[in-house]
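User: I would like to learn how to read a few features of a structural model, taking them one at a time. Could you give the general idea first and then the case at hand?

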Amino acid sequence: MNALMEYILTHLVSGAVLLPLVGAAIVFALPARAARGSRAVALAFCLASLATSLIILFRVQGTGEIELIDVLPWISSLGISYRVGVDGVSALMLSLVSFTAASSVLASWNDGRAGGKAYHVALLTGLCGLTGLFVSIDAFLFMVFWCVAMASFCAMIGMGGERSAIKAALAFAIFAAISGAAMFVSMAYAAKSAGSFDILRWFSHRYGVNEQIWLFGGLALAFGIILPLAGLHVWLRDSVMDSKAGTTMMLLGAVVKVGAYGFFRIAMPLAPAAVSYFSTAILVFAVAGALYGAMLVIAGRDFKSVITAITISQMGLVLLGLASLQDYAAAGAVLLMAAHGVALCGIVLLAGSLSSEAGDVAFRDFSGLAGRAPIAAFLMALFSLALAGMPGLAGFAGESLLLMGSFQTRTAYSVAGLSAAALLACALAIKVAGSLFGEAADDEGRLKGVHGWRLATLAVIATVVVGMGVWPGWLAGKVWRSSQAFVKLSKRVEMIVPAAAGEAGSSVVRSDGDDA
Amino acid sequence: MNDSFESTALAMLLESFSPLLVLLVAAVVALMVSAFARRENSRLEPAIALAGILIAMFLGWYVWPRAGAVSVPAMAMDRLALAGLLIACVPSLMVVLISPAYFAARNAARPGFYSLVLLATFGMGTLMACRDLISILLALMLMSMALYALVAFLRGRPQSVEGALKFFIMSAFAAAFYCMGMAFIFGSLGSTDLSTIAHRFDYVLSGEGRSVFLFGLAMVSSGLALMVTAVPFHAWAPDTLDGSPTPVALLIATSAKAATLVAFLRLAMSIAAPGGVLWHHLAWGISAATMLWGALASLGQSSLKRLLAYISISNAGFLMMALPSLAIAGEGMTRALLMYLIAYCVSMAGAYAALVSLGLTPGEPVDVRHLSGLAKRRPWLSAGLTLFLLSLAGLPPTLGFFGKYYLIYEAAGAGDISLAAVAGLASVISLVSLLKPVSAMYLREAVSGRRAGSLRSLQVHRGEILAVMLIMALAVVFFGLLPGNLLAFVYSSAL
């Protein structure tokens with residue numbers, strides 16, 4: 001019995017990766033008629049993988065090292081192995097994506113527009129891909145899971161049901177392929193140069209400054225598309241507009257996190273010299289994204305464009321936190337990602353239950369909600385405020401840590417980020433308050449109240465949102481050391497200066513940045 | 001000297017060339033059988049061809065570990081040649097398996113087809129073992145003679161005849177270029193042996209014969225580049241591949257290309273090191289242009305067969321990525337080339353088997369649109385075709401991904417990061433065009449009308465095609481996930 005427990009515990013992470021795949025196989029094997037069965041199976045497996053990732057999150061010590069490592073030899077002649085493991089950050093991301101996946105099954109529960117079975121297969125393989133890439137510490141494995149995830153989401157977008165959905169899927173495929181190609185080439189070079197596909201070993205390999213600049217350029221393009229950086233966000237808007245509520249949730253709640261995670265785990269620690277070289281550019285992009293997103297919120301009319309804009313804005317802030325190279329800011333960025341994901345799940349699920357048309361609602365459709373469905377109005381306000389970073393709710397801890405931290409190292413950008421956050425909060429408050437308490441729209445019957453299992457689910461999500469707000473210490477403890485390790489790696493500036501005359505070869509000069 | 005030594009040497013020689021000899025014997029036997037067969041669609045001829053190729057593959061596999069011990073002038077059955085033969089035999093085997101159903105569905109079975117396939121395969125095997133410009137030319141002719149006849153095999157169709165004629169004329173020009181180049185090279189350095197060329201390269205370059213020699217080299221390379229379908233010598237390929245019977249198109253797009261590439265590789269290996277920057281830039285340009293041009297042109301194709309033809313051109317560019325950096329990382333690039341060849345041949349074989357099963361006739365402009373909703377009508381065929389197309393596009397967990405990735409990995413390692421970046425760009429572009437049929441099958445509703453009907457009417461349901469697709473699909477997925485054994489094979493096959 002003990003041996004069994006031992007076995008399960010050592011392969012816990014692999015289990016989390018495999019579970020959705022098993023689910024996908026089962027859903028695939030279901031008879032074609034069983035669309036209803038497919039969503040139940042999908043939900044069960046998403047919940048199971050949520051449970052697994054929560055166990056992992058509980059078991060992770062938060063030492064800053066990779067824990068629960070599981071290694072199998074794979075393609076040994078190239079130094080490729082199946083190597084998975086988690087630290088606090090990846091465990092948190094793992095929980096976030098399975099949480100998002102479970103919510104997204106619920107969000108599209110009654111949405112029978114396009115083939116239910118295929119949709120759920122894609123959702124589960126997508127979850128497998130995301131889980132896998134958050135736990136991979138082998139670059140080749142990372143790329144494989146990356147492709148599995150992107151192909152699945154491409155299929156999910158294409159199954160949106162609208163005619164334009166296929167176009168959106170193709171656009172997504174093109175952007176994902178560009179991102180993938182940039183990543184593959186960079187990683188191939190990094191691996192060949194370091195002689196291994198083990199990402200952790202890359203950090204101790206000394207890449208030359210020029211190498212770092214090219215590597216970082218490629219990786220930043222790859223992850224910047226997914227993040228999305230302002231300017232590269234076109235795919236996100238198109239994909240979200242034409243997709244089902246569940247797909248929207250996965251894209252905004254989980255997929256964009258891959259971009260930030262890529263910067264956090266690979267791009268920035270790998271190329272510290274390039275980070276300092278491109279510092280201004282990254283910060284400008286980050287702040288521009290935050291501000292641009294906030295302004296898009298003001299301009300947004302329908303629900304989906306508003307939540308997309310919120311996501312762009314918040315991901316800009318996340319990048320600001322990472323690029324500030326400060327412990328608090330990095331930890332805050334990670335927490336903000338988690339908070340954003342959870343609150344977003346809540347608000348999309350709520351909007352989907354309110355409207356019969358599964359999320360295709362304009363904000364003014366919610367007019368008078370406070371009078372007709374007070375509970376729904378309360379939840380709507382709660383989730384919006386959490387997204388806006390109100391104290392006591394999920395977004396606050398991350399956002400405040402992030403801005404405080406970045407204020408110490410990148411003051412000007414931090415102030416700009418703060419104004420972006422404030423702008424976002426104002427815009428969201430005006431939008432939501434204006435619609436909740438405004439005059440009721442003409443078509444009384446359009447908005448349903450929130451009842452039954454939807455209400456229960458939303459209550460659970462709301463509890464998580466509040467819990468993350470009032471007691472962020474536990475999560476912060478999990479990610480704190482990893483963030484420190486990230487900052488330490490990304491800040492070591494290595495410069496290979498050309499050898500002075502008379503000296504053979506080149507010498508390596510290290511400095512540890514300007515502040516402790 | 002003494003008899004026993006000579007007889008041992010002869011035995012070793014026979015042994016190392018046995019795969020080729022078996023192919024030749026099988027071709028002759030198949031020809032005889034077809035000449036005396038009573039019925040036109042005799043099952044005996046494909047059976048002989050099948051057996052011949054299988055025995056040749058087995059012998060190749062058996063001889064491979066101790067290959068290269070003996071050689072005759074101008075030829076050597078080393079591990080590279082044997083590995084190339086094994087790779088080229090896979091599509092030939094698939095052609096033999098899928099052709100009976102293809103011709104039976106069109107009532108076009110005629111004797112001689114399988115013997116020609118065997119002869120072409122024999123030519124390919126020979127080509128890959130050649131180490132002299134003259135023997136390369138002879139083997140090239142041997143291979144293409146058989147292919148001309150195969151392209152025009154459905155002679156009633158004007159597209160077939162057109163394709164064959166284009167192929168023939170272009171090949172004739174290529175052969176003429178090649179002969180002229182050979183003469184120039186011989187004139188400038190006095191030999192056509194590849195190792196001698198490598199040896200005297202520097203000497204010639206610094207002497208008076210420089211321009212004559214370089215001109216000759218360019219001519220010889222362009223003769224080979226035509227068969228590889230490198231841009232700008234690719235123009236015949238889409239028409240020929242579109243017009244030929246689908247199994248033959250597979251043969252031309254994969255085995256013939258593989259064989260010519262191995263010969264090209266041998267030539268390149270002897271001139272890459274002394275050629276230096278000149279060779280690097282030239283090969284870089286051809287490879288990049290082929291990748292990009294094939295991928296870009298495939299974007300505009302609406303016919304599935306033409307789409308695959310352009311994808312095969314683009315893949316030729318990928319294969320030629322191995323050529324520029326041969327001087328720096330010859331072994332690594334050769335491995336990567338072999339790996340990519342395996343991935344490419346297997347994926348293409350599967351895709352063409354699916355085309356046969358769809359019932360596409362030569363030259364018929366079957367639009368990608370007509371695949372709409374195919375996933376509902378024939379789910380397994382659609383799944384298989386999707387797998388092979390994605391493998392061609394280089395998406396994991398397929399062999400195509402590993403092949404492409406390994407190639408990029410080696411190219412980046414050899415310092416050709418810019419070529420790797422171009423390869424990345426070209427894969428993105430070809431992915432877009434390969435996703436079109438996939439999205440048509442899965443995401444679009446079926447179109448009603450005459451065209452959709454005609455697509456359904458010629459469907460070929462046969463066990464052999466299913467078997468081919470199944471074997472290829474298993475290979476694509478299994479080796480995509482666990483390429484270790486293939487990698488070991490490729491490692492010890494590289495020179």
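User: Is A:Leu325 buried or exposed?

Analyst: This is a predicted model, in which local features need pLDDT of at least 70, side-chain atom pairs count only at pLDDT 80 or more, and totals for chains, interfaces and linings use all residues. Residues are numbered from 1 along each chain as its sequence is written, while chains are lettered from A and ligands numbered from 1 in the order in which they are written. A residue is buried if 20 or more other C-beta atoms, placed from the backbone, lie within 10 Å of its own, exposed if 12 or fewer, and partly exposed in between. A:Leu325 is buried, because 24 other C-beta atoms are within 10 Å.

User: Where does A:Leu325 lie, and what is its phi?

Analyst: Most residues other than glycine have a negative phi, and most peptide bonds are trans. A:Leu325 has a positive phi near 55°, and lies in the loop between α14 (303–323) and α15 (327–354) of chain A. Helices here are DSSP runs (H or I, at least four residues), as are strands (E, at least two), numbered from the N terminus.

User: How do strands β1 and β2 of chain A run relative to each other, parallel or antiparallel?

Analyst: Two strands pair if DSSP finds at least two bridges between them. In chain A, β1 (residues 67–75) and β2 (residues 80–86) run antiparallel and are joined by 6 bridges, with A:Leu72 standing opposite A:Tyr82. The two strands form a hairpin with 4 residues between them, and A:Gly79 in the turn has a positive phi of about 75°.

User: How many residues of chain B are in contact with chain A?

Analyst: Two residues are in contact if their C-beta atoms, placed from the backbone, lie within 7 Å. By this rule, 26 residues of chain B are in contact with 23 residues of chain A. The largest share of that side of chain B, 12 residues, comes from α16(B).
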